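Colleague: I would like to learn how to read backbone and helix features in a model such as this one. Could we take them one at a time?

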Amino acid sequence: MTQKKILVVDDSALMRRVLCDIIDSDERFHVVARATNGLEALDLLSRNQYDAVVLDVNMPKLNGIQLLEKLRENKIRTRIMMASTDTREGAKLTLDALELGALDFVHKPDSAVDCRVDTFRKKFIETLEVVVNSQPPEFETRERIQESRQVTAKMVDIARKYSAKAPGTKVVAIASSTGGPKALHEVIPRLPAELDAPVLLVQHMPKGFTASLAERLNELSPIQVKEAKEGDELQCGCVYVAMGGMHMNVKRMGSKCVIHYSDEPSREGVKPCANYMFESLADSRYDKIVCVVMTGMGADGTEGIRNLKAKRPIHVISQNQATCTVYGMPKAVETAGLSDQVVPLGQIAQEIILNVGVKA
């Protein structure tokens, strides 16, 4: 077995040693280089190739975010896993990193001693395994962003002409995991404010990170984006991001549909779990349900969509393999024969628009 070559970048000598020990304890990985700051890492990455990089955020000379910006400028594609703190500021920095091309992250405890506990070691190795087996990030150009906005405008015009032919109430439900935060930046900002459906979104992230994700997407999008709160009434033209650490459901209250959180154990190893969201739509008032499954490890979404489809007519869009960071969740849906459409990431927004239409 060929060991995967890992670069560890952290300004703390003790933390570097602890992380290296964790990595080298698994026979699949081997730390072949270390760097104490972003400048050293940039030099190494300019001259060598690694299967993955474990990157700290706060460092002298060149921090983790600045390194990612340099890598983008120099078009150096590499698989990066961030080691992030579990704070609100840490959440914002982590989202910056994910936007810039980092593939996933772990919560790094403040104390190196706490890094030695089994729960952290297990999560760290699981995340590293996903990252080394992921597709390196593609860097989106300004031209592509501008082109996508022009396409969205055209889709809105087309949908406006035909939306009268698709009456009734509609809802969109999206599931994503590893690679999702960056991928969502190519979907949610391309949805128009006049979308004729509410959008439910389960992204596998911890509490605190989902609020920051919603804020970031809201800043970039014509459609409103918010972290869903208990009792929120679903409104067209709004994206409701599931809160980390709870399961988001849709509950029917008379003629209304509202957000309801439940605190069951993790399902598919995640919390929030998209299966609960999909299954809760079985008793909703919506005439048309569009389910979207995007990049992510595992099979979350498949069981929920299967159970929903047994009770309601639905339309399922799954992301294609070529554009997934991790082709796990969409593959599971497609393998189960549940996908109605398999499309590249860049086409997901327009397919949502064409399926649910826009308000006149």
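**Reading backbone and helix features**

Modeller: Let us begin with Glu268, which is placed in the loop between S11 and H9; the model is a predicted one.

Colleague: Which peptide bond is cis?

Modeller: The bond from Lys271 to Pro272 is cis, with omega near 20°, and Pro272 is found in the loop between strand S11 (256-262) and helix H9 (274-280).

Colleague: Which residues of H1 are buried?

Modeller: In general, an α-helix has 3.6 residues a turn, so residues three or four places apart point the same way. In H1, which spans residues 13-24, the buried residues are Met15, Arg16, Val18, Leu19, Cys20, Ile22 and Ile23, and their cover includes strands S1 (4-9), S2 (29-35) and S3 (52-56) together with helix H5 (118-132).

Colleague: At what angle do H2 and H3 pack?

Modeller: Helix H2 (residues 38-47) and helix H3 (residues 64-73) pack at about 30°, with their axes 9 Å apart, and they are therefore roughly parallel to each other. Gly38, Ala41, Leu42 and Leu45 of H2 make the contact with Leu67, Lys70 and Leu71 of H3; these residues divide into five nonpolar, one polar and one charged.

Conventions
Residues are numbered from 1 along each chain as its sequence is written. This is a predicted model: local features need pLDDT of at least 70, side-chain atom pairs count only at pLDDT 80 or more; totals for chains, interfaces and linings use all residues. Side-chain values use heavy atoms; hydrogens and water are left out. Helices (H or I, at least four residues) and strands (E, at least two) are DSSP runs, numbered from the N terminus. The expected span of a helix is 1.5 Å times one less than its number of residues. Buried means under 20% relative accessible area, exposed over 50%, partly exposed in between (1.4 Å probe, protein chains only). Contact means heavy atoms within 4.5 Å. Axes are lines fitted to C-alpha atoms, for helices over the stretch in contact, and angles run from 0 to 180 degrees between N-to-C directions. Angles under 35 degrees count as roughly parallel, over 145 as roughly antiparallel, 65 to 115 as roughly perpendicular and the rest as oblique. Ala, Val, Leu, Ile, Met, Phe, Trp, Tyr, Cys and Pro count as nonpolar, Asp, Glu, Lys and Arg as charged, and the others, Gly among them, as polar.
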